[in-house]
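Dear colleague,

I am handing over the structure we spoke about, and my notes on what was found in it follow below. Please read the notes with the structure open beside them.

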Amino acid sequence: MNASLRNWLLLAVALGLAALYLFPLYWMYVTSLKTGSEVFATPPGFVPRDAQWDNFPYVWSVRDMGSYIWNSLIIASGTTFLTAALGTGCAYVLARYRNMWIDIGLFLILMLQVLPASLMITPIFVGFSQFGLLETPRLAVILALTAKTMPFFVVLVRATFMSVPSELEEAALVDGNSRIGAFFAIALPLARNGILVSAILIFMQAFGEYVYSKSIIQSPALQPASVGLNAFMGPNTNEWNNIMAYASIYVTPILAAFVLLQRRIVAGLTSGALK
Amino acid sequence: MMKFKSLAGSVALSGVSVLALAGAAEAQTTITIWSLDDENQPALNLAQEFSDMDNGITVEYREIQFDDVVSESMRAFATGQAPDIIAVDNPEHALFASRGAFLDITDMVAESDVIDPDNYFPGPLASVTWDGKLYGLPKATNTIALYYNKDMFEAAGLDPEDPPATWDELVEAARTLTDPDNNVYGLAFSAKASEEGTFQFLPWAQMAGGGYDNLNAPGVVEALEIWETILDERLASPDSLTRGQWDSTGTFNSGNAAMAISGPWEINRMLEEAQFDWGVTLLPVPEEGAERSSAMGDFNWAIFSTTEHPEEAFQAIEYFASQDDRLFPEFGQLPARSDIEIPETGEPLKDAALEVFLEQLQYAKPRGPHPEWPQISRAIQDAIQATLTGQMTAQAALDQAQATVDGVLE
Amino acid sequence: MNRVISSFRDGKGFDIALVGAALLFLGIFAGLPLVYNVVMSFQAVDMFSLGTFARPFVGFDNYIAVFSEPIFWPVMRNTVVFVVASIGGQFVIGFGLALFFTLKFPGSTYLRGLFLVSWVMPGLVVGAIWNWILAGDFGVLNFALTGLGIIEDNIFWRSDTAFSLWAVIIANIWLGTSFNMILLSVGLASIPRDLYEAAALDGANGWQRFWTITLPMMRATIGAVISLGLIFTLQQFDLFAAITSGGPANSSNVAQYWAWDFSFRQYDFAKGATISVLMIALVMVASVIYVRSTRHEVRG
């Protein structure tokens, strides 16, 4: 009885905290259903006066969102794949050696990304144009974005590998496996959950990125949804309700996937898979 | 019409491949156009029409955000990736023209049957001119005036047919109309630290006998002090400091401000959303009989000097110019030309507003032209913000701005 | 013996290949752009000479010019306040939530997952939403605070020089809390239960257990979280652009926004690059101090 009362209390507190924290998300949905000037009404309306459901199909067709979202998926998948392919091995090695120099090296890797994308884009653009990478703009964005997300991935996945006991690997080596064999047969499967979860986090980051895409991808047919969104957030063309309708369409699928996957993500992260 | 517009919009947005299909003839020339216009605005639609014409030219159109126009095109130009045609904000035209980034089209215009420079208003024409040569063509023009809520005027005992005409009257009216209990401010405007703040302040400075090159004239100081009064007495929202014109006017439309200073680009939205009777009047002047002035806004067309298809690009611009008479009826924008009679729309509020804006336009002055305009503008914004946040007096802030501008101009 | 050596060699080659591939990639796509910035900070850069390296060198002129800007010190101060307050806020709230969710109750894992929402939303959208929440007249935050009787008059978060920086900090804390919480949850889950049980047998109370077990066991996680927080905070740009644009009167201007403002609003790329180099230098100094302090800890 006492325990269940405690549970209910905690649940109530947790729900309250979640409601508070999720408010910006709620606000996005509410605004997407308002009329243009209702957005600026005082006092603010917590429920739209007359829900404008038309905003959604309107934005979808006028803004040709299908192609944009497809490009977002390509870019986010490519970035996730490349980050995982390059970052996993690096994280594994960095987890095998533990000393101060590795820590410093790791920190330096992190610091390579200390500048905001808006400052990195000029040198990246100039460099890419020299090597003709702008001819394949989506690939170019994937490359630039991978460099941006990799440090984060390496830090997370390194922690995962540190939880894989090195004795297991040594045993495999004694059994005649090569290092490569031991890596693929022992370390990788044991760290699978952590890698998967980190990759999902990277995917979500890449899905929302827009600074690199905006500058590197000049053809609208190849741009991701974030750039499509950015294009109509200018000073004279910002219809906030439509912008938020766009944002809702754009975010909701990931959000839905996330809510479905999140038990696994959170469980994977906290049940010892990632230490 | 509606159907066509949305169709054109979606086709153009989906980009090259579809456009290329539209004119799948042999020996197609492709030109790229960058502009900030979306499906409700002229450039995208006109570019689409031009591309669809049977002239062997296909257009690749890229919609680009206001804030990104210069940085994107500059970067592209520096690396040889510039588009053929760009729509650039008029104060930034000289930045490119003075450096040879834009194509000198003086001779092409001289031979053109479509374009005659004499038909253009002098202000917009000055903004595309550098060193006596034409480096582009005005795309449209606009300026700012005072919108006011006639219902609120009536309720507050003011005459809705006699809106404020001088600065003092404006402040007085704002005081009368401000009603904090009902969340109503007297005035909505923008003092944002961006080009918008400069655009809103320069008319005041010019009416008082100053200008971007004469910022600490007594009249300019007085103007800035009036802005300070407006904010100190909460006659306008403190958020005017960080809010652009469009957002500020949004509060006017929703009935949270009784007057608003903004441009003709607001008209269509206001017709749709404002649930009250409104009017437009000329910007108030320092005192009765004083010289009128206003800021000239909107974009210019230009061809990059790196283009491989100067003829085709010019052909596109000729087409755009030939369609200038559609700008207002279809898109609510004002052509920068004196030879175009704008027809009545049949919408009384819109026609009345148009009349005021056309008169105001006669007093519109270009910003610059000067290749270092962004730095001049920045100095003006800094002075506005320092004064309105109480960090400096208007006099001190404008003295500092003038010193900075002198440094740029020398 | 031979076999051990050869496999060690073999192993080392394998390790170097793995690390090398990643480092080479990062060197090209992240390192070179940084070098470009450093070079640019010593040159006279013209907006149309961006595409070339051949530009006149001007020594430390750009640095002198940046240092003598009247807003240099205010901007640096703002940057430090922003970084410290953001990381502090994200960490404290994130840690609090992580600890809260270690209390098992029905739906706890499910609810914890929802907190990752701020990670999923694109920066653009987050900026726009906070822009309204913080608006003075019709903003929801003011509406809530006045409704609860906490404040009497609206606070103009974005436009009052006393609050503008804090407006961005609040939004940034919201944004960063989720990854702090998740990473710290992971760290908490990895502490062996029996440690706590042993401590409980020794009669340690909850507070003592937190200080003697939880915190020391979490050192590596906390270090990682704070370093990541430092980068995410210094990288934060969208929120400034969306909420205050560094204003009013530069009261919320920070180094990363200032650098962008120089480069893309005033087209003074050299000064923009100079500020970014200063930012990197600042982080280097901070990291050296950090590394030294941890070394002392280990030895002492």
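**A strand pair in chain B**

Tyr148(B) stands opposite Gly279(B), a residue of strand E10(B). Before going further, please keep in mind that this is a predicted model. The two strands concerned are E7 of chain B, residues 145-149, and E10(B), and they pair in the antiparallel sense over four bridges. Strand E10 itself covers residues 278-281 of chain B, and its side chains alternate between two faces.

**Helix H11 of chain B**

Helix H11 runs over residues 218-232 of chain B, and its 15 residues reach 21 Å from the first C-alpha to the last, which is close to the 21 Å expected at 1.5 Å a residue. Its buried residues are Val220(B), Val221(B), Ala223(B), Leu224(B), Trp227(B), Ile230(B) and Leu231(B). What covers these buried residues includes, from chain B, the helices H9 (167-177), H10 (195-207), H17 (373-388) and H18 (394-409), together with strand E8 (185-188). Just after H11(B), the backbone at Arg234(B) takes a positive phi of about 55°.

**Chain B as a whole**

Chain B has 18 helices and 13 strands, and of its 410 residues, 58% count as buried. Along the principal axes, its C-alpha trace spans about 70 × 50 × 35 Å. Why might one call the radius of gyration of chain B that of a compact globule? A compact globule with 410 residues would have a radius of gyration near 22 Å, and chain B has 22 Å, so the two agree. Among contacts in chain B between residues at least 6 apart in sequence, 77% join residues at least 24 apart.

**Chains A and C**

The secondary structure of chain A comes to 13 helices and zero strands, while chain C has 14 helices and, again, zero strands. The C-alpha trace of chain A spans about 70 × 70 × 30 Å along its principal axes, and the C-alpha atoms of chain C fill a box of roughly 75 × 70 × 35 Å, taken in the corresponding way along the principal axes. Buried residues make up 56% of the 275 residues in chain A, and 49% of the 300 residues in chain C. If one takes the contacts between residues at least 6 apart in sequence, 77% of those in chain A join residues at least 24 apart, and for chain C the corresponding value is 67%.

**Confidence in chain A**

Chain A averages a pLDDT of 82, and 91% of the residues score at least 70. Which elements of chain A have the lowest and the highest mean pLDDT? Helix H13 of chain A, residues 240-273, has the lowest, at 74, and helix H4 of chain A, residues 65-96, has the highest, at 91.

With kind regards

Conventions. Residues numbered from 1 in each chain as written. Chains lettered and ligands numbered in written order. Predicted model: local features only at pLDDT ≥ 70, side-chain atom pairs only at ≥ 80, totals over all residues. Buried ≥ 20, exposed ≤ 12 C-beta atoms within 10 Å, placed from the backbone. Pairing = 2+ DSSP bridges. Contact = placed C-beta atoms within 7 Å. Rg over C-alpha atoms; globule rule 2.2 N^0.38 Å. Expected span 1.5 Å × (residues − 1). pLDDT = per-residue confidence, 0-100.
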